[in-house]
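The following note is intended for a colleague who is meeting this structure for the first time. Please read the points below with the sequence and the model at hand.

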Amino acid sequence: MKKSFLLFAGKRKNWSIPYIIFLGFFVVIPLLLIVFYAFSSRTGGFTLANFQKFWNQPEAMHTFIFSIGVAIITTVICLVLGYPAAYILSRMEAKTAKIMVLLFILPMWVNFLIRTLATVALFDFLRIPLGQGSLYFGMVYNFLPFMVYPIYNSLQKTDKSLIEAAQDLGATPRQVFLKTILPLSVPGIASGIMMVFMPVISTFAIAELLTINNIKLFGTTLQENIYNGMWNYGAALSLIMLILIGLTSLLNAEGNAKAAEEGGLL
Amino acid sequence: MKKILANSYIGSLLIMLYAPILIIIIFSFTEAKVLGNWTGFSLKLYTNLFQSGVHHSLSSALWNTLIIGLISAFVSMLLGTVAAIGIYNLKPRARKIVQFANNIPILNPDIITAISLFLLFVSLGISQGYTTVILAHISFCTPYVVLSVYPRLRMMNENLYEAALDLGATPFYALRKVLLPELRPGMISGFILAFTLSIDDFVVTLFTIGNEGLETLSTYIYADARKGGLTPELRPLSAIIFITVLALLLVINHRAAKREQENQKH
């Protein structure tokens, strides 16, 4: 017994087996379960009723489209605010830049509920009523670092000699930026967009807290259905979201793989 | 001139990011129930926090969070390290597949992971509580450990391990004396990353915690916020968490800087 174990463990590729089993059980099977539940009725038979319900129910559909809108607007604001910041950071001295980037990422490590409640507190403190404005502020506040960091990373890695070459060849500063720096930072922009768009669209609880339950996003619709025992319908809605996310990441396969390789944010 | 403009832009973004957190920290030093009222300096909220019995549910939520975080991070570290060694020794094709599966939990939005795991546990009829939360946390933390250990393996000189074996070390001894010291930095940052991910998690926890009254910090805050008022003691707690995270991040950063220096020396 002991000997056969040693033989097994001696081959180091076998060391991946426990994790492969674990991944299968806790990642692959659960995702397949979403598909299975989405296509079955309460009693277990195959059905498309869950998707028809989504199609026919204006409320869920409306929330879905509204959430996409919120996610797009938030992503655009983050990009507009974040790109210049990332650019400035990439131009700083290495040591200062490191500290500055750390300052930008740091708030992300505080529980997002606490952060969101802090934003609510800020609005209360300044006597600004909660509504659409506070929703967008809260979203941008929560997700801006996710935009700054990847863009900064790609800007910082650009080969400085390319920029110098452009300058030597007589490009104006504007041309240098538009023709050299911007195209070279596209991978960073792409992964920044992913990292903001995807979490915003699936966010849950932030919108409710920021608007005192006046605005609901799709994540909340998912949660409510699961909580009310409508597992099949909830699974169908999750599948719809998964497809949307799958499409977004297909559009962005490269930036995505890079973001994953860099271990997300560290 | 340009520089002043750039610096003030970065400055104002940072003020926006930190204003809410600062408000929470400032108002943790006063007793007022409602955030924004200053009723004089006091440490009462801090002493309340550490006196057992005053806020029993809050302190038990805090303990649960820490225990779940430590167990999940520790198990993730072991599982992820063994997995990384295994994956490194797989044939390229198999390796690609496992790495792809490893990226799924990282790229999946929280709520999809949460719902998929919820469906797994209910369809197996497992009652939800401590165990399910920890299993769920391990499943989304381990991929990050794999990603932080894997690069260490790639950087390592493969002959070292073989040399140890040739010199008469048993495989176990070689593992302990050669492989582990090389992997340790990756394991430690994987552990810290897993721990912060676990204590910060809200959505997955909410879906796998069941309704037996078990609370972690984030589900506690969520329930509290939905009731309307925030327990004042959350202010000092958030302040403490923020400072702790700050300290942890500085440690990680310091380690990274040191490692870089070492690499440059070699």
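1. The contact between chain A and chain B draws 67 residues from chain A and 67 residues from chain B. Please bear in mind that this is a predicted model.

2. On the side of chain A that touches chain B, the elements giving two or more residues are α2 (17-38), α4 (58-91), α5 (94-105), α6 (112-125), α10 (186-202), α12 (218-227), α13 (231-250) and α14 (253-261) of chain A. The largest share of this side, 15 residues, is supplied by α2(A).

3. By class, the residues of chain A on the side that touches chain B comprise 50 nonpolar, 13 polar and 4 charged.

4. The largest nonpolar core holds 136 residues, and within it B:Ile115 and B:Ala194 touch the most other members. Helix α7 (residues 132-157) of chain A gives the most to this core, namely 13 residues.

5. Residues up to four places away in sequence aside, B:Ile115 touches A:Ile34, A:Leu222, A:Ile226, A:Gly234 and A:Ser238 of chain A, together with B:Phe207 of chain B.

6. Within chain A, helix α8 (residues 160-168) packs against helix α9 (residues 173-184) at an angle of about 145 degrees, and their axes are 10 Å apart. The crossing of α8(A) past α9(A) is right-handed.

7. To this contact α8(A) brings A:Leu162, A:Ile163, A:Ala166 and A:Gln167, while α9(A) brings A:Val176, A:Lys179, A:Thr180 and A:Ile181. Sorted by class, the residues in the contact of α8(A) with α9(A) are 5 nonpolar, 2 polar and 1 charged.

Technical notes
Residues are numbered from 1 along each chain as its sequence is written. Chains are lettered from A and ligands numbered from 1 in the order in which they are written. This is a predicted model: local features need pLDDT of at least 70, side-chain atom pairs count only at pLDDT 80 or more; totals for chains, interfaces and linings use all residues. A nonpolar core is a set of buried Ala, Val, Leu, Ile, Met, Phe, Trp, Tyr and Cys residues joined through C-beta atoms within 7 Å. A residue is buried if 20 or more other C-beta atoms lie within 10 Å of its own, exposed if 12 or fewer, and partly exposed in between; C-beta atoms are placed from the backbone. Helices (H or I, at least four residues) and strands (E, at least two) are DSSP runs, numbered from the N terminus. Two residues are in contact if their C-beta atoms, placed from the backbone, lie within 7 Å. Axes are lines fitted to C-alpha atoms, for helices over the stretch in contact, and angles run from 0 to 180 degrees between N-to-C directions. A crossing is left-handed if the near helix is turned anticlockwise from the far one by less than a right angle, and right-handed if clockwise. Ala, Val, Leu, Ile, Met, Phe, Trp, Tyr, Cys and Pro count as nonpolar, Asp, Glu, Lys and Arg as charged, and the others, Gly among them, as polar.
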